[in-house]
Amino acid sequence: MAGIYGGSKDEFVTSLAALALYDGDAEISSDNIGALITASGNTVAPYWPVLFSGLLKGGRIESMVFSVGGGGGGGGGAPAEAIAAPAGGGDAPAKKEEKPKEEEVDALDGGMDMFGGGGGGGGGDY
């Protein structure tokens with residue numbers, strides 16, 4: 001955690017304490033979160049345990065823990081052409097319509113400077 005500073009560290013430490021309490025089947029209260037943070041040798045701003053305990057009360061932590069990554073697909077299925085092909089082996093699958101490629105324009109191309117001058121010196125609009 002040496003790379004995490006300030007409010008990000010406080011939030012991270014508090015969220016880990018809340019998850020540890022949940023994992024240990026302990027009550028997720030501001031007192032328990034604060035005690036666990038102190039026992040781990042960390043310190044956070046006093047509002048973090050209160051904020052997290054209010055957010056996670058009433059079983060909300062379970063909905064947050066179990067919703068992460070939810071709704072994922074079933075994995076690599078058959079290509080769309082194979083699914084859409086007739087079973088009798090009739091016509092060949094329809095050809096995909098290709099979209100024309102759009103060229104990317106680099107913001108630095110064109111020779112303009114910050115003040116709208118085409119080149120050389122700038123300030124031509126004054």
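**Briefing: the H2–H3 loop and its chain**

Asn42 is found in the loop between H2 and H3 of a predicted model. Pro46 lies in that loop as well, between helix H2, which spans 30-39, and helix H3, which spans 47-56. The points below take these two loop residues in turn and then turn to the protein chain as a whole.

**Asn42**
- Asn42 counts as buried because its relative accessibility, 17%, falls under the 20% cut-off for that class.
- The side chain of Asn42 is joined to the side chain of Ser40 by a polar contact of 2.9 Å.

**Pro46**
- Pro46, with a relative accessible area of 72%, is exposed, because that value is over the 50% cut-off.
- Although Pro46 and Asp10 are 36 residues apart along the chain, a separation of 9.7 Å is computed between their C-alpha atoms.

**Secondary structure of the chain**
- The protein chain has 5 helices and 0 strands, and its pattern, when read along the sequence, is α-α-α-α-α.

**Burial, surface and contacts**
- The protein chain has 126 residues, of which 15% count as buried, and Asn42 is one of the residues in the buried class.
- When contacts in the protein chain between residues at least 6 apart in sequence are considered, 42% of them join residues at least 24 apart.

Definitions and conventions: Residues numbered from 1 in each chain as written. Predicted model: local features only at pLDDT ≥ 70, side-chain atom pairs only at ≥ 80, totals over all residues. Heavy atoms only, no water. Helix = DSSP H or I, 4+ residues; strand = E, 2+ residues; numbered from the N terminus. Buried < 20%, exposed > 50% of the residue type's maximum accessible area, 1.4 Å probe, protein only. Contact = heavy atoms within 4.5 Å. Polar contact = N/O pair within 3.5 Å; in protein donor to acceptor, adjacent residues only side chain to side chain.
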